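Student: Could you walk me through reading a helix and an interface? I have the sequence and the 3D structure open.

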Amino acid sequence: MPVIVDARGLACPEPVIMAKNAIEKNEEITVLVDNEMAVENIRRLAVKMACGFSVTEKEGEVRHITLVRTGAPGQTPVDSEAIAAEMSCAVASGKETGPLVVILSDNHMGRGDDVLGDILIRSFVHTLLQLKPRPDKVICYNSGVKLAAKGSAVLDDLQQLAKDGVDILVCGTCVNYFELGDQVAAGHISNMYDIAETMAGAGRLLRP
Amino acid sequence: MEEQRYVVFLFPSVSYALKAEKILKAAGIAHKLIPVPRHISSDCGVCLRATEDKQQDLERELQGKVAWDKIVSL
């Protein structure tokens with residue numbers, strides 16, 4: 001039976017350090033982790049320490065990772081602190097650093113040519129559906145609100161995003177200005193307080 | 001629920017795709033301009049997607065008006 005290292009619920013770099021310490025003393029270990037970052041970090045540790053790496057089991061969020069030493073023990077001494085510094089603890093999945101917010105401030109993407117800008121924004125919004133990590137919020141303002149109105153070529157994409165749990169804020173002042181009051185068919189009408197707050201609280205802002 | 005099956009029409013350039021879109025819009029045939037899926041290579045970054053059952057309608061409507069490179073099932 002391989003040694004079990006239970007790193008569930010622990011934050012980076014704890015799981016990768018525990019795994020490193022255990023594999024230095026054992027030929028084979030199984031590490032239990034519950035986040036993707038730990039999996040990636042341990043995968044890199046395995047490369048560094050010449051270990052076989054495999055995810056052997058998955059129950060919900062919990063992954064069982066098996067590491068098997070293939071090189072000679074102590075052949076590649078690795079410093080714990082160096083490992084911790086190198087592993088991507090800072091590159092957290094959006095949630096830990098604040099939400100990923102997409103700003104649609106125009107119904108075109110980029111400046112220069114509006115026909116092209118129209119094609120690009122349609123491609124961009126459609127691509128948001130497959131983007132990983134998925135945006136947490138989308139804010140539409142200025143002519144960007146037209147994207148959420150009836151007749152928009154990306155209305156179905158925005159509706160799907162909303163269905164998938166993405167919060168879509170549509171600027172009420174802008175809807176009023178363009179007289180689209182009864183035309184907005186994706187997301188919910190919002191105001192500048194919410195829009196400014198959402199932008200201020202974002203981990204990252206994405207603006208096409 | 002059965003998953004909707006799609007085909008995409010690939011064109012030699014963006015302007016072909018746009019022209020095709022105009023024709024389909026005028027003819028009232030449902031379609032969607034999307035980025036070319038990653039696994040398909042194409043110089044032109046956009047393509048037209050339609051449900052599988054609309055493929056022949058699209059072909060008929062575009063025949064002789066806009067040339068397409070190929071049709072790929074998704």
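**Reading a helix and an interface**

Tutor: Start with length: the 14 residues of helix α1 (residues 14-27) of chain B should span 20 Å at 1.5 Å a residue, and the end C-alpha atoms are 20 Å apart, which agrees. The expected span is 1.5 Å times one less than the number of residues. Helices (H or I, at least four residues) and strands (E, at least two) are DSSP runs, numbered from the N terminus. This is a predicted model, where local features need pLDDT of at least 70, side-chain atom pairs count only at pLDDT 80 or more, and totals for chains, interfaces and linings use all residues. Residues are numbered from 1 along each chain as its sequence is written, chains are lettered from A and ligands numbered from 1 in the order in which they are written, and side-chain values use heavy atoms, with hydrogens and water left out.

Student: Which residues of α1(B) are buried?

Tutor: An α-helix has 3.6 residues a turn, so residues three or four places apart point the same way. In α1(B), the buried residues (under 20% relative accessible area; exposed is over 50%, partly exposed in between, with a 1.4 Å probe and protein chains only) are B:Ala17, B:Ala20, B:Glu21, B:Ile23 and B:Leu24. Seen down the axis of α1(B), they fall within an arc of 165°, so they line one face of the helix; the arc is that of the directions from the helix axis to the C-beta atoms. On the other side, B:Lys22, B:Lys25 and B:Ala26 are exposed.

Student: What do the buried residues of α1(B) pack against?

Tutor: Their partners are α4 (114-128) of chain A, together with β2 (32-35), β3 (46-51) and α2 (55-62) of chain B. After the helix comes B:Gly28, with a positive phi near 70°.

Student: Where is B:His31 found?

Tutor: B:His31 is in the loop between α1 and β2 of chain B. Not counting residues up to four places away in sequence, B:His31 touches B:Glu21, B:Leu24, B:Lys25, B:Leu48 and B:Arg49, contact meaning heavy atoms within 4.5 Å.

Student: How much area do chain A and chain B bury between them?

Tutor: The size of an interface is often given as the accessible area lost when the parts come together. Here that is about 760 Å², 61% of it on carbon and sulfur atoms, summed over both parts with a 1.4 Å probe. In chain A, A:Ile119, A:Arg122 and A:His126 lose the most area to chain B, together 64% of what that side buries.

Student: How many salt bridges are there between chain A and chain B?

Tutor: Three, counting a side-chain nitrogen of Lys or Arg within 4 Å of a carboxyl oxygen of Asp or Glu. One of them joins B:Lys32 to A:Asp157, with the closest N and O atoms 2.8 Å apart.

Methods:
Buried area = accessible area lost by both parts, 1.4 Å probe.
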